[in-house]
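Good morning, and thank you for coming. I would like to walk through one protein structure with you.

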Amino acid sequence: MQNPTMPSQSTSTTSTTAKPSPLSVALHLTDHSHTLLAKLYHLLTLLYPSQSSHSLPFPSSFHTSNIFPNFPKLCLHLSKQFPLHTSKINIARIDAPAFESLSDGTEMYAQNLEPWVELMVELMTWRERAVRVLLEMSGTVLGLSPGENGVVLGVFMDLFVGFVRVGMMSGRLPRKMIVQVYNVVYGVMRDGRDFEEYGRLVEFVGRYDSVVKGLQEDLGFVSPRIGEVLEAVGPVVFLSTDTKKIRNEGFLSPFHPRYPDILTNSAHPMRAQELANVTSYREWVLLGYLVCPDELLRVTSIDIALVVLKENLVLPLFRDEYVLLHEEYQLYVLPRILETKRLAKAGRSKQKEADLVYSVAKQVEKVLSEVHEQALLSCDSIHHERRILLKQEIGRMVLFFSDQPSLLAPNIQMVFSALALAQSEVTWYFQHVGIASSKSKAGNRVVTVEIVSNNPFLLFLGLNLEARRCDELL
């Protein structure tokens, strides 16, 4: 007889086999993306020990990293012949001594390459799962905006950002060479047989021959959703760049802008809360319009993109890995806009909608063609002005909360926003100092950024606010 306090076998089986929710799967995939980025970064540091070597396709350190066989001519030829099957390449004719040495040390070479082949299989499997979850989440009827289903929005966009970053980081690897060389080594050991995932990896690598174009194709189905999200966060992005409005309307002040006697600023509670997330919103804008370029044709989208594009020169991927932002937009976004403009121009006489699309595409083309020079000229001054604002507002906060510690709790969201903006500025500085843009009309230009090094007000603020929070809790 079954114990009534114990669940039945069928109930237990149902609970253990229940399909996880898209939200939980998305969280897991986002965590996994961080692991993948760390693995990719580790491999890149082995192949390219210095950042300067990134400009060379295969520097001297590449073949001495104990990952690839030290036969540059042979490895390079195999990579260039991709996706031609390795069995159809006369390797002995290309470099007979290298092939003989390769045949003698196959076990060692296979052992060195195997972890990175497994990483590529892991990337391929993760990408397939991530695409399915993004499709499922984007197809929901839920509205996605900071004020509506904010938690779901954050999970969805975190996975989206992770998907783009992992894709762009993996594009920096010699993926063709890894697949081809390993299959040659494996074939020598196994009488000409391919390794198990060779066919799938060839298809996967070929699909991402141009990484950003591959991402654009993969994410075409979520593009409208991304456009909606970016429009929803647009007002907060605009506010974060308007230092005059932030100062005059007291977004970062404990005093009410119109009633100075009120010591708890409740004038902008929602906006103050959203400013804490503005770093993520800016990242969404830069990555979103890069891989979903058609969304720039929404009427307000180009204004949102412009305010972020003109204050940044690089697009961070992971740690010190980055790509030059405007070069990516020139290579992968502008051609799509030009193609849309051409098609719209051809259909203007037949459809009224085409006339509007043509007009918007022409405006987007103009902005993207000019924003790089604007960024080179203005990004330094934009961020310098923002740092001055933060220094003033944070300085007032420290003095105010030192005198009135009991008022920290009701103003804590405003404090978090100020800290988030300050963190964003510090991160921006170290990402951009010394950056050179190679395709500017002004030539190679190093953008210098000023910062007051003898005034560590951020550290002072953090220590003081942490102390005040502890006092409040006690």
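I start with a pair of strands: S1 and S2 (residues 321–324) run antiparallel and are joined by four bridges. Two strands count as paired if DSSP finds at least two bridges between them. Strands here are DSSP runs of E with at least two residues, while helices are runs of H or I with at least four, each numbered from the N terminus. S1 and S2 form a hairpin with two residues between them. Arg-319, in the turn, has a positive phi of about 55 degrees. Phe-318 stands opposite Glu-321 in S2.

A word on the source: this is a predicted model, in which local features need pLDDT of at least 70 and side-chain atom pairs count only at pLDDT 80 or more, whereas totals for chains, interfaces and linings use all residues. Residues are numbered from 1 along each chain as its sequence is written, and side-chain values use heavy atoms, with hydrogens and water left out.

How much of S1 is covered? Four of the five residues of S1 (residues 314–318) are buried. Buried means under 20% relative accessible area, exposed means over 50%, and partly exposed lies in between, with a 1.4 Å probe and protein chains only. Helix H16 (residues 325–332) is also mostly covered, with six of its eight residues buried; among them are Leu-325, His-326 and Tyr-332.

Elsewhere, Gly-220 lies in the loop between helix H10 (211–218) and helix H11 (223–241). Gly-220 is partly exposed, at 38% relative accessible area.
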